[in-house]
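Subject: Structure for your files

Hello,

Please find the structure below, with the sequence alongside. My notes on what was found in it follow.

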Amino acid sequence: MRILHFLAFLLILQSCNKNANEAPVDLIPEDQMVEILSDLMILNSAQGANKKILEDRLKNPLGYVFKKYNIDSTQFENSNAYYARNIDQYSLIYQRVKEKLDAKKQRIQKRIEIQNKVADSLRKLKSDSLTKTRKKNRIFTQNRVKKNIEPLVE
């Protein structure tokens, strides 16, 4: 009797798992999934940095991402669950997400370095300009003083 119950349990368990590895009808392609997950990670980081500013600019950050890629939450959940069941494929997707975020980080760091160089150049130019102006003013003042003093000395 126990064997019969055990076999029935296995049969029910197997029938529940039958469609688990089939791709959903509205599966999000891998390339688009990489883009979506990248945006979600950026939003998650932004929420961790300053949630108030993000909420002021985007009322529903998750809804913004879904609208941007023209998907709904159910489609994302089904696709995410499908890829999560296929761990090799899911690992490749997350590797691509990491590469995309690293490349974006490097571009931003280069842009910051360029902005810092420009700001330093402007500060130096302004400093040089102020130094030259002060020098000219000093010479001009010295010349005026000399012109004013010379008639008195003679």
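**Aromatic pairs**

Tyr90 and Tyr94 sit four residues apart in helix α5, so about one helical turn separates them. This is a predicted model, in which local features need pLDDT of at least 70 and side-chain atom pairs count only at pLDDT 80 or more, while totals for chains, interfaces and linings use all residues. Residues are numbered from 1 along each chain as its sequence is written, and side-chain values use heavy atoms, with hydrogens and water left out.

A pair of aromatic rings is described by the distance of the centres and the angle of the planes. Rings of Phe, Tyr and Trp (its six-membered ring) pair if their centres lie within 6.5 Å; planes under 30 degrees apart are stacked, over 60 edge-to-face, and the rest tilted. By this rule there are three aromatic pairs. One of them is Phe66 with Phe76, a tilted pair at 5.7 Å centre to centre and 45° between the planes. Phe66 belongs to helix α3 (residues 61-68) and Phe76 to helix α4 (residues 73-85), so the pair ties together parts ten residues apart in sequence. Phe66 and Phe76 are both buried, where buried means under 20% relative accessible area, exposed over 50%, and partly exposed in between (1.4 Å probe, protein chains only).

For Tyr90 and Tyr94, the ring centres are 5.0 Å apart and the planes are at 75°, so this pair is edge-to-face. Tyr90 counts as buried because its relative accessibility is 15%; Tyr94, at 30%, counts as partly exposed.

**Surface patch**

Ile114, Val118, Leu122 and Leu125 form a nonpolar patch on the surface, with about 400 Å² of accessible area together. Patch residues have over 30% relative accessible area and no salt bridge; nonpolar side chains (Val, Leu, Ile, Met, Phe, Trp, Tyr) are joined within 5 Å, like charges within 9 Å. A salt bridge is a side-chain nitrogen of Lys or Arg within 4 Å of a carboxyl oxygen of Asp or Glu. Leu125 lies in helix α5 (residues 87-153) and is exposed, at a relative accessible area of 56%.

**Overall**

The protein has five helices and zero strands; helices (H or I, at least four residues) and strands (E, at least two) are DSSP runs, numbered from the N terminus. Of its 154 residues, 16% count as buried. Its accessible surface comes to about 12800 Å², 56% of which belongs to carbon and sulfur atoms. Accessible areas come from the Shrake-Rupley method with a 1.4 Å probe; for residues, only the protein chains shown count as cover.

Regards
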